[in-house]
Amino acid sequence: MPRKESNIFKYIDERAIARFGGNPLLSEFPMEGNVSGHHKSNHKGSSVEFAEYREYTPGEDPKRMDWRVLARTDRYFLKEFEAETNLRSYHLLDCSASMKFGKPKSKLEYAKKLIGTLSYAYLNQGDAVGLSLLRPSATEDIPARRSPSQLQAILHTLDDAKAKGEDQVTDQLHQLAESIKSRAQLIVYSDFLDDPKSIADFVHHMRDRKHEVILFHIMDRQEVEFHFDRPTRFIDLEGGPSLLTEPSIIRDEYLKQMRIHLEEIKKICAETQSSHFETVTDSSIDEALKDFSFDRTLSSNR
Amino acid sequence: MSFLQPIALFGIALAAVPILIHLLNLMRHRRESWAAMRFLLKARENSSRMSKIRRWLTLISRALAICSLVFLMSRPMASEDSSLINFASQNPEVVMLVMDRSSSMQKNLMNSSKTMLQRGIDEFERFSEAWPDSKLVIIETVFSETIIVDKIETISSKEMNDFFGPTDCGGNLPYTINQGLNWLENTDIGHAQILVISDDQKSNWKTKENDELLKNINDRIDKKEGLWKLHFLKLQPSEVNNFSLVCKSYREEKDFFHPTLLIRSNQKDTQSLAVKININGDLSTIKCPFSYPSTTWTPAISLSDQPATGWIKIALPEDSFSHDNEYFFTYGNQAMLKVGVQCKDEQTRKFITAVCKLDPQSLYLNKDFSPENKTLNENDLLILQGSSSPEEEKQILKFVKEGGRIVLFPDFENKDKSDAFQKWRATEAVSDNNFFEISEWNRNQGIFANTVNGRELALPYLKILKRNIPTEGETLAFYKDGSSFFKRKTIGKGVIYSFSTLPNKDWSSLEEGFVLVPVLIRIFNESSEDPALKFSECGDTASLDYKGLVPVTGNPSQKPSLKAGIYKDLGKFLAFNRKATESVNEIFDRKQLQETMSSSHILWNDANATRLSFVRAEIWNLFLIVMLLFLLAESLLGLPVTNISFSPQRL
């Protein structure tokens, strides 16, 4: 099917690339790649990165024995090195109707830009990048690949993505957690308006499958501050009941509920050693990725 | 509480505006697509009761702030007995002022440039402002009659000076208050506020003599259970340098007048006072040695080169309160009847002149009398015979209407005649050896009454040859044929006596005098009935009875009932002086009066020099503060309870 003509590269934020392009984006957990890369692997092997000394056990390959240690100590030790591999980074975009909220830019559009920028960065450092659009009915997946054409495929898919339907993407996330066989980095872009318990379920599920989980919590400024000066009828984007209220009266309680929700998500992430990044749609992409980039770069120094 | 701009109170309806705006806002809400509905729904569910209370409190604060603004713009006035929260306080039907109008009220209020009377009126003005719809009624101590005024400015107007202005009278406050209460009772006034203004001078309250009356007033106020409220306002006079003058007695000698004067002062020193003596308008000064606190002084005032009757005014030098510095006297026999005679018939003139000279001590014959010149009013009685010109008749008629008396004798004209005073029939004459006989008259009283020892006048012995019958008036003596021999007619305040014949030989035997002399003497006596006033004081019954007196000293429009001075009643001078007790500056102890009048509905106030006692200050500032407080409350209620803000951050 011929691709329609559009500027798909708008989803790559040049400023963010210019700012963080030189920094490696490393995973926090060992990955299972199929080629050599920058990320720690769960396998030990020959490499330039020394890992540890271990006593030799009969049956092991004597080639990895450290003869110098044997000469000095008369004991058999094996010298082990970190294996380094590439990673598979899966970008999971929530395409439920709630993601189309936001002014001047919707949460979906903002998420697309984050995905485009990170995809470019990961592909640039030789990692495989995949994309899944989470829709209530079904997901649209682009398997992780590290080929240069992958970026174009991702960007085209993002360009076609629309937000619609009810917010029931947790099932799809469970399915994805199962379907991705080897360890991978799963970055979920969503407003996470689901019940915290269901969020906890899929995060636990992913972690159980040894995936590194990163949640990009995207919100709109209006949702965060809830400033309305007169009575408003709120119409649910996901088809739920509308609500007529005086916002100034319930603002405090609304903000309290939001704070509780955020704290619960943070708690889930803390428990599962997952990462959680909050961002609002009126902030720039480089600002939104600042912490993410800092964390990933830091991982290389640990 | 009352309002200077009550119409602004309609603005109370604006208090509904915040509620209406709230409802309109709800109706004209905006529509917003929203993603985080779960928080909204939870927020509404959990929206605390406190939030709802805050919302209502905010609305109430706004409404009350508007109410406060409306009250502020209505210019509320605080009043003494209606609290801010008692809006149901009923307006009195009548606001009554009981005014002590005694002479001492002319003194300045302590530390003020206003007299106590002026200040009292000002106080009443403020007092009545609280009830702008109530009827204003004033009763004062001189006449003790209630006067209803349509507006408060009337009290101070010059036209009403006779009723509310300063006087030289005394007063009886308890009597006046009682009269005021009587009026309230007789006119079925349910709710009244009464203000009594007085300097509490002993002589005007006579608390001992009026003890029963004061108790009665107290009981009447008490019985009304607050419907009638009596406010006493004490006005304290200033203690500045003042001399006062009263006369204890006087003595008249030939060419000398000796008044015994009591001069008092509150100035503790001895000095020589230059006392001005005014005798019939001739001014002179006599030095009077004065020593504190009082001096009795009897000067010898020379009356040589002065008329037989006249007046004297003695005045102390001007001081802070000049109303008690003057004293007025008359000298000579002021009761002497002044008779003017104008007769064209010579025999009649001679006879009447002779009769007038019978008692020179009590009758003065004005020889120069002529209706044309201005000496007409110098007479008390005129005896006229013969026709007068229309101008003369006009003057004489005015004289009669003002209280003068005239005795008329017929003219010579033999025809029906009518003048301004009487209508005469044509002259009738008897045939030879016949006379008109008088057969009937009032023997019991009046001019033709029998003498003290029961003897009749010799009217039947009169031989009357000619007669002109007067037709108007009351007949006091009749001819045998029923015609009137003598008539008495009243015009205005005066009396006209009409004889039907002349004391002339051609007319009658009246010239023999056995009837005419006693009748004229009785007419003279009847004309001299007014008592001679020696020591009259303003406000006395005599001064109230006297009408039409012409002031010789002072203002041409002043009246003896109110203002001291020399007045002229036809030929007589009358001296009216300031009430002597007004010079005794004794103030009674209010505590005693408060014990007698212990009703809780009687309120006692003292006038303050610097501010009015009943000033119902505009309390707009209170409402301004209240409004600001409500606005502040509204602002505080609008603030969040806790400062919840969200800033995106990393976990």
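Is R19(A) buried, partly exposed or exposed? R19(A) is partly exposed, with a relative accessible area of 38%.

The model is predicted: local features need pLDDT of at least 70, side-chain atom pairs count only at pLDDT 80 or more, and totals for chains, interfaces and linings use all residues. Residues are numbered from 1 along each chain as its sequence is written, chains are lettered from A and ligands numbered from 1 in the order in which they are written, and side-chain values use heavy atoms, with hydrogens and water left out.

Start with the salt bridges. The rule asks for a side-chain nitrogen of Lys or Arg within 4 Å of a carboxyl oxygen of Asp or Glu. Over all chains it gives 39 of them. In one, R19(A) meets D286(A) at 3.1 Å, N to O. R19(A) sits in helix α1 (residues 14-20) of chain A and D286(A) in helix α9 (residues 285-299) of chain A, so this pair ties together parts 267 residues apart in sequence. Helices here are DSSP runs of H or I with at least four residues, strands are E runs of at least two, and both are numbered from the N terminus. D286(A) counts as buried, at 3% relative accessibility.

R19(A) also pairs with E287(A), at 3.6 Å, N to O. Again helix α1 of chain A meets helix α9 of chain A, so the pair ties together parts 268 residues apart in sequence. E287(A) is partly exposed, at 39% relative accessibility. A network of salt bridges links R15(A), R19(A), D286(A), E287(A) and K290(A).

Now turn to chain B. Its secondary structure comes to 15 helices and 33 strands. Of its 651 residues, 50% count as buried. Take contacts, meaning heavy atoms within 4.5 Å, between residues of chain B at least 6 apart in sequence: 72% of them join residues at least 24 apart. The accessible surface of chain B is about 31800 Å², and 52% of it belongs to carbon and sulfur atoms. Accessible areas use the Shrake-Rupley method with a 1.4 Å probe; for residues, only the protein chains shown count as cover.

One salt bridge within chain B joins two loops. E437(B) and K480(B) have their closest N and O atoms 3.5 Å apart. E437(B) lies between β23 (428-429) and β24 (438-441) of chain B, and K480(B) between β26 (474-479) and β27 (484-491) of chain B, so the pair ties together parts 43 residues apart in sequence. E437(B) is partly exposed at 39%; K480(B) is exposed at 62%.

Where do chain B and chain A meet? The contact takes 32 residues from chain B and 49 residues from chain A. Together the chains bury about 4100 Å², 66% of it on carbon and sulfur atoms. Buried area is the accessible area (1.4 Å probe) that two parts lose on being put together, summed over both. One salt bridge is counted between the two chains. K103(A) and E32(B) form a salt bridge, with their closest N and O atoms 3.4 Å apart. On the chain B side, α1 (17-27), β2 (30-34), α2 (37-46) and α3 each give two or more residues. The largest share, nine residues, comes from α2(B).

Technical notes: Buried means under 20% relative accessible area, exposed over 50%, partly exposed in between (1.4 Å probe, protein chains only).
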